Amino acid sequence: MLVSLLKRCGIKLSLNDPRWGNKPDGDHKAQEGRRPGEGPPDLDQLWRDFNARLNRLFGSRGNGNNGGGDGGTPYRGGGGAGITAGVVAVIVGLIWLASGAFIVQEGQAGVVTTFGKLSHTAGPGFNWRWPYPIQAHETVNVSQIRTAEIGYRANVRNKQPQESLMLTDDENIIDIQFAVQYTLKDPVQWLFNNRENDETVRQVAETAIREVVGKSKMDFVLYEGREKVAVDVHQMMQQIVDRYALGALVTNVTMQAVQPPEQVQEAFDDAVKAGQDRARARNEGEAYANQVIPQARGQAFRLQQDAEAYRSMVVENATGNASRFDQVVAAYARAPAVTRDRMYIDTMQQIFSSTSKVMVDSRAGNPMIYLPLDKLIQQAAGGEGVGSKSGPQQIQGPQSAPSADVMQAMDSVRQRDSRSRDSSRDRESR
């Protein structure tokens with residue numbers, strides 16, 4: 001394109017042109033007898049002609065010393081040299097202006113500065129600025145999720161003790177490794193407010209975690225408080241980043257490893273096992289207590305209810321007996337003889353209902369009879385007594401002398417009868 005433009009202007013830049021670098025008048029005769037392509041051009045003459053053109057371009061007139069050729073004849077081709085220089089200047093200017101074009105990708109932001117001072121920001125797409133040295137631009141990726149690692153580098157095994165070892169509130173040392181993820185919310189603040197922003201974010205994260213851990217107990221950080229520690233670090237980091245105007249937004253804080261130092265790891269594991277054994281024994285004791293105490297309370301309540309029932313029964317029985325006795329006394333006062341006989345009959349009924357009975361009719365001949373009293377007693381004890389089936393029986397056995405047992409039983413019956421009659425008389429006399 002440039003070559004065709006120069007050809008339209010009448011300018012030939014081919015080195016094969018026999019008139020390249022020669023004056024049209026002075027060296028015409030020297031070029032007449034030379035055919036095109038007969039030999040290479042004279043490089044010294046080309047250099048002298050180039051210097052002469054530069055001198056004419058900047059305003060100096062050529063003479064025989066600097067023009068070269070015919071001993072002081074002025075060069076009459078200055079118009080073509082001016083056109084050439086102008087075209088070159090225009091082309092250079094266009095190239096210089098085209099260097100100010102730049103493209104911002106999606107998810108990025110362009111920051112344009114004028115002589116080092118902030119001018120404006122450019123969005124995604126094609127943009128243009130004044131070329132160097134007037135303006136410059138810098139592209140910042142605002143959608144990229146950046147990561148700051150504290151306590152390790154690239155792998156949790158690659159530990160950084162100067163960052164991970166921290167002191168807790170109960171004066172214990174703990175080893176913490178965690179990662180912070182953040183994005184950029186203001187590219188201008190990120191570029192101009194601070195230096196070494198990534199290192200600044202890492203130091204902010206370390207400061208926040210040391211403050212949070214320094215206010216917490218070791219067991220809390222190791223076990224139930226890990227999520228709480230991460231949330232507190234997140235909030236504190238965002239506050240510090242906003243105070244420093246870093247232009248960053250903390251998105252996540254992830255705890256990678258939280259453990260005691262390696263030097264005391266075994267002893268700490270033993271202490272943890274002992275604590276677990278203590279908790280297990282305590283739980284077993286609480287379970288046993290929860291089982292035994294309700295049973296004991298239930299038994300105590302049952303015994304209390306039984307005692308209350310027995311007390312109520314005794315009181316009611318005593319009350320009933322007292323009432324019955326009062327009624328008997330009132331009836332005895334109205335009819336003493338009838339009441340006395342009735343009491344005697346009731347007493348004899350109670351006595352005879354629980355003993356074996358044998359009735360002997362002594363008026364029917366010889367009272368000396370033989371009765372198998374031992375067998376009758378056994379039958380009565382087995383529920384097959386004579387009295388239980390058909391009441392008192394009249395037995396007449398052979399006329400033989402009764403045994404000693406029979407005589408003793410009869411004597412006891414007579415004694416009871418006599419004692420009953422005596423007691424009746426005493427009551428009647430009273």
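Colleague: Which helix and which strand each supply at least two residues of the nonpolar patch?

Modeller: This is a predicted model. The patch lies on the surface and is formed by Val90, Leu94, Trp96, Leu97, Ile103, Phe126, Trp128 and Trp130. Two elements each give at least two of its residues: helix H5 (78–98) and strand E4 (125–128).

Colleague: Which element gives the largest share of the nonpolar patch?

Modeller: The patch residues include Val90, Leu94, Trp96 and Leu97. Helix H5 spans 78–98. The largest share, 4 residues, comes from H5.

Colleague: Why does Trp130 count as partly exposed?

Modeller: Trp130 sits in the loop between E4 and E5. Partly exposed covers the range between buried, under 20%, and exposed, over 50%. Trp130 falls in that range because its relative accessible area is 41%.

Colleague: What is the strand order in the open sheet that contains E5?

Modeller: The sheet has 3 strands, with antiparallel pairing. Its edge strands are E3 (117–122) and E5 (135–141), each pairing on one side only. Neighbouring strands are turned by 25° against each other on average, direction ignored. The order is E3-E2-E5.

Colleague: Which residue in E5 is the bridge partner of Gly110?

Modeller: Strand E2 covers residues 108–114 and runs antiparallel to E5. The two are joined by 7 bridges. In E5, the partner of Gly110 is Thr139.

Colleague: Which residue in the turn of the E7 and E8 hairpin has a positive phi?

Modeller: Strands E7 (residues 152–153) and E8 (residues 155–159) pair in the antiparallel sense over 2 bridges. Arg153 has Asn155 in E8 as its bridge partner. The hairpin leaves 1 residue between the strands. With a phi of about 70°, that turn residue is Ala154.

Colleague: What percentage of the residues of the protein chain count as buried?

Modeller: The chain has 15 helices and 11 strands. Its accessible surface comes to about 29800 Å², with 54% belonging to carbon and sulfur atoms. Buried means under 20% relative accessible area. Of the 430 residues, the buried share is 23%.

Colleague: Among contacts between residues at least 6 apart in sequence, what percentage join residues at least 24 apart?

Modeller: A contact here means heavy atoms within 4.5 Å. For the protein chain, the share at least 24 apart is 68%.

Terms used. Residues numbered from 1 in each chain as written. Predicted model: local features only at pLDDT ≥ 70, side-chain atom pairs only at ≥ 80, totals over all residues. Heavy atoms only, no water. Pairing = 2+ DSSP bridges. Axes fitted to C-alpha atoms, helices over the stretch in contact; angles between N-to-C directions. Patch = residues over 30% accessible without salt bridge, like charges linked within 9 Å, V, L, I, M, F, W, Y side chains within 5 Å. Areas by Shrake-Rupley, 256 points an atom, 1.4 Å probe, with all protein chains shown as cover. Salt bridge = Lys/Arg side-chain N within 4 Å of Asp/Glu carboxyl O. Buried < 20%, exposed > 50% of the residue type's maximum accessible area, 1.4 Å probe, protein only.
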